[in-house]
Amino acid sequence: MNRTMATDKNVRLCQPTGQTVLTITTTEMHTGGEPVRIIESGFPKPRGETILDKINDLRQNYDHLRKFVILEPRGHFDMYAVLLVPPDNPEADIGAIFLHNEGYSTMCGHACVALGRYAVDNGLIELNLHQESTTEAQVNIQVPCGLVKTFVSVQEDGDVIRTGRVRFESVPSFVVCQDVCVQVEGYGDCQIDVAYGGAFYAFVSSADLSVDLQSSPIAEIAKAATALKAAVSSAVSLHHPETPAFLYGIMVVDSRKAFAEDGVYHHTCIFADSETDRSPCGSGCTARAALMFQRGQLKLGQTCTFRSGVTGSEFQARVVNTSRVDLTDAVVVEVEGQGYYSGRNILTLEEGDSLGKGFIVR
């Protein structure tokens with residue numbers, strides 16, 4: 001049987017026949033393995049004078065778009081995204097709203113690391129570089145919990161500006177309580193600490209939950225952390241004078257009190273609706289540094305390393321100053337990491353695609 005190659009005139013290209021009813025474009029990044037989906041176009045501008053007002057508008061009127069961006073078939077259970085908005089703080093260069101599988105968070109360190117690079121690379125700030133070959137560009141980001149100052153490593157290579165590692169100074173962080181015993185269904189008594197690093201986290205040793213950060217399946221760690229979160233939410237009262245106060249995540253740590261001789265501390269963060277952070281969790285590291293400082297495990301200006309139990313990625317952290325939140329002693333923590341670009345996306349919804357609006361498989 002003779003076979004011939006198809007010629008141009010008889011090749012038929014298939015075109016989508018359905019009408020596209022929604023298009024959202026994004027730039028994809030990750031910090032320490034944790035995704036940062038930066039929404040660039042196609043999302044409505046949320047209304048409100050403050051970022052918290054804008055979040056309320058999104059929650060009431062556009063939450064279906066959060067699900068569209070975060071969930072399957074375009075995302076997954078552990079996806080994370082950022083929507084840039086105009087800041088209302090005069091010190092801020094940009095404003096940011098954070099989106100995840102459950103809703104909207106007050107702070108996100110891994111996203112701030114990525115956004116620092118993104119803002120410089122995309123001309124969102126005016127660079128004022130010194131004459132040295134390597135310096136830093138400062139990007140102030142207004143997030144729901146307050147103003148976060150990021151410092152982006154910038155190198156001039158001829159006419160090209162190359163960005164690299166980013167460090168950020170978070171909002172004042174403080175310890176809520178220490179050595180509290182809570183009864184956790186299925187796990188018994190657990191000793192916990194609670195601290196604030198832009199969001200509230202409970203800290204528990206992996207031994208108390210009978211899990212191992214290196215060998216236990218992540219589903220087992222997430223299940224235990226979710227049970228603990230329910231117990232802590234009922235047992236501990238949270239308050240912050242300037243931002244919504246709720247227990248955002250659980251930090252399952254190698255030890256709540258022991259010193260690491262090599263300066264490396266391990267933990268796994270489970271946040272929002274049982275979402276697993278691939279990175280060491282920037283705001284969780286901030287809260288843990290505040291807790292360690294109060295315990296005497298970390299001195300002012302001393303750097304330690306926090307390593308993710310999921311990916312092994314690392315953030316460096318240090319307490320750079322003392323502060324106060326109302327009548328509570330607080331500290332200012334600096335966290336450093338590296339964000340990377342991983343792609344660009346055009347997310348579309350075709351008419352009649354009900355599953356395309358977003359769903360979760362657990």
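How exposed is R162, by relative accessible area? R162 is partly exposed, with a relative accessible area of 45%; on this scale buried means under 20%, exposed over 50%, and partly exposed in between (1.4 Å probe, protein chains only).

This is a predicted model, in which local features need pLDDT of at least 70, side-chain atom pairs count only at pLDDT 80 or more, and totals for chains, interfaces and linings use all residues. Residues are numbered from 1 along each chain as its sequence is written, and side-chain values use heavy atoms, with hydrogens and water left out.

**Salt bridges**

The term stands for a side-chain nitrogen of Lys or Arg within 4 Å of a carboxyl oxygen of Asp or Glu. D157 is also partly exposed, at 40% relative accessibility. By this rule the model has 20 salt bridges. Side chains of opposite charge can pair when their charged atoms come close.

Next select D63 and R66. Their side chains meet in a salt bridge, 2.8 Å from N to O. Both D63 and R66 are buried. They lie 3 residues apart in helix α2, so about one helical turn separates them. Helices (H or I, at least four residues) and strands (E, at least two) are DSSP runs, numbered from the N terminus.

Go on to D57 and R47, a salt bridge whose closest N and O atoms are 3.1 Å apart. This pair links distant parts of the chain: D57 sits in helix α1 (residues 51–61), while R47 is in the loop between β2 (34–41) and α1, 10 residues apart. D57 is buried, at 7% relative accessibility.

To see a network of salt bridges, select D179, D193, R256, K257 and R295, which are linked in this way.

**Backbone**

Most residues other than glycine have a negative phi, and most peptide bonds are trans.

- Select E72 and P73: the peptide bond from E72 to P73 is cis, with omega near 15 degrees. P73 is in the loop between α2 (63–70) and β3 (81–85).
- Select S210: its phi is positive, about 60 degrees, although it is not a glycine. S210 is in the loop between β11 (200–205) and α4 (218–235), and is exposed, with a relative accessible area of 60%.
- Select A272: this residue, not a glycine either, has a positive phi of about 50 degrees. A272 is in the loop between β13 (264–271) and β14 (275–276), and is buried at 5% relative accessibility.
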